[in-house]
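My notes follow in the order in which I looked.

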Amino acid sequence: LTAVRDDLDGIFKSIRHYALLAKYSGGLGNDWTRVRGLGAHIKGTNGESRGVVPFLKVANDTAVAVNQGGKRKGAVCAYLETWHIDIEEFLDLRKNTGDDRRRTHDMNTANWVPDLFMERVEADGAWTLFSPDEVPELHDRYGPTFRAAYEACEAKAARGEIKVCKQIRAIDLWRRMLTMLFETGHPWITFKDPCNIRSPQGHVGVVHSSNLCTEITLNTSDDEVAVCNLGSVNLAAHVMADGLDQDHLVRTVSTAMRMLDNVIDINFYAIPEARRSNLRHRPVGLGIMGFQDALQTLRIPYASEEAVRFADESMEIVSFHAISASVDLAAEPPPAPGTAIERAGETVG
């Protein structure tokens, strides 16, 4: 997960990082919200910005180019907040019609939606679009502080103090978002405020996007590229004809958590920002696979209340013991200098 800066050095540094990460099979989620919009003033040249779309096209073509000889095509998802002045063009990126120079046929896209927008949709209210260079305070805020900042920006726009802005009907934008999702499968709809309000890392940063597959929400910044280390427990290997083998599942979860924690130290990091973030926050994600196979073994119909109960029971066990194993790992001292894990951690990056 990366956050793209609003300058050429930052933009092309992010694209370079993307190429390096994709080279080693990384799937990326890029936050493009800070990049100024179409028509915004460029102070260095006294010109006007062409907006975020041309840079997304470059990122898209990078995904096509870095494909490991067909083994693993570069995979990326671009995120943009709903108040960005380029949001309407962003919605069209995956269309098969229009100017192909402003289309990204190989890139996933996702809306990063604040709760305030959904409230405006429900109330059939107005929604104001801004260029982020004129309202930089919006990017790092969420919840009540975002609402206050956004409404203050709207007041500035009403007084003529903001140059690049546009007011539209919120429900019209929402309908267009849903229409494009139906037509092209993109942009996906993800929600900014719940991701931040529920973030266990709220004290160290802000979540600006999810990842390529939208199962990860971690904070990003200019000096931290968020990385999550993922694993799956095969649930089908932990059931018998008469039910779930809980002891076996608990042992597997405990072992999996230690393996994921070890990965953080011994992994190869293509860029130093990823290593810095991973060693500082040590985020891991443990899920399940083989759920339907487990139901087959237990002779439980997939669309049944019994299947729902089994899902609740099995996931509660996985969740509880993953957290318990994480607590136990946190109590352990760090690897001693000179150990294999410590040496690997020093070597990478």
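Entry 1, the model. I note at the outset that this is a predicted model, and I read each value below as computed from it.

I looked for nonpolar side chains on the surface and found Leu8, Phe12 and Val58 forming a patch, which together have about 260 Å² of accessible area. I then took leucine 8 by itself: it lies in helix α1, which runs over residues 8-23, and it counts as exposed because its relative accessibility is 54%, where the cut-off for exposed is over 50%.

Leaving aside neighbours within four places in sequence, I found valine 53 in contact with Glu89, Leu93 and Arg102. I also checked glycine 37, which is 16 residues from valine 53 in sequence and 8.7 Å from it in space, C-alpha to C-alpha.

When residues up to four places away in sequence are not counted, threonine 82 touches Ile87, Trp112, Val113, Pro114, Phe117, Trp127, Leu129, Leu173 and Met177.

Which residues of α4 are buried? In this helix, residues 115-122, I listed Leu116, Phe117, Arg120 and Val121 as the buried ones. They lie on the same side of α4, because the arc they cover around the axis is only 145°. As I reminded myself, an α-helix has 3.6 residues a turn, so residues three or four places apart point the same way. I then looked at what covers the buried residues of α4, and the cover includes β6 (108-113), β7 (126-130), α5 (143-158), α6 (170-184) and α7 (192-197). After α4 comes aspartate 124, for which I noted a positive phi, near 55°.

Entry 6, aromatic rings. I counted 10 aromatic pairs in the structure. Ring pairs join Phe117, Trp127, Phe130, Phe146, Tyr150 and Trp174 into a cluster; Phe117 is also one of the buried residues of α4.

My search of the whole structure gave 21 salt bridges. In one of them, glutamate 273 pairs with lysine 13, with 3.2 Å between the closest N and O atoms. Glutamate 273 lies in helix α9 (residues 272-281) and lysine 13 in helix α1, so this pair ties together parts that are 260 residues apart in sequence. Glutamate 273 counts as buried at 9% relative accessibility, while lysine 13 counts as partly exposed at 35%.

I next noted the salt bridge of glutamate 119 with arginine 147, whose closest N and O atoms are 2.6 Å apart. Glutamate 119 lies in α4 and arginine 147 in α5, so the pair ties together parts that are 28 residues apart in sequence. Glutamate 119 is partly exposed, at 36% relative accessible area, and arginine 147 is partly exposed, at 31%. Finally, I recorded that Glu88, Asp92, Lys166 and Arg176 are linked in a network of salt bridges.

Conventions: Residues are numbered from 1 along each chain as its sequence is written. This is a predicted model: local features need pLDDT of at least 70, side-chain atom pairs count only at pLDDT 80 or more; totals for chains, interfaces and linings use all residues. Side-chain values use heavy atoms; hydrogens and water are left out. Patches are made of residues with over 30% relative accessible area and no salt bridge: like charges are joined within 9 Å, nonpolar side chains (Val, Leu, Ile, Met, Phe, Trp, Tyr) within 5 Å. Accessible areas come from the Shrake-Rupley method with a 1.4 Å probe; for residues, only the protein chains shown count as cover. A salt bridge is a side-chain nitrogen of Lys or Arg within 4 Å of a carboxyl oxygen of Asp or Glu. Helices (H or I, at least four residues) and strands (E, at least two) are DSSP runs, numbered from the N terminus. Buried means under 20% relative accessible area, exposed over 50%, partly exposed in between (1.4 Å probe, protein chains only). Contact means heavy atoms within 4.5 Å. Rings of Phe, Tyr and Trp (its six-membered ring) pair if their centres lie within 6.5 Å; planes under 30 degrees apart count as stacked, over 60 as edge-to-face and the rest as tilted. The arc is that of the directions from the helix axis to the C-beta atoms.
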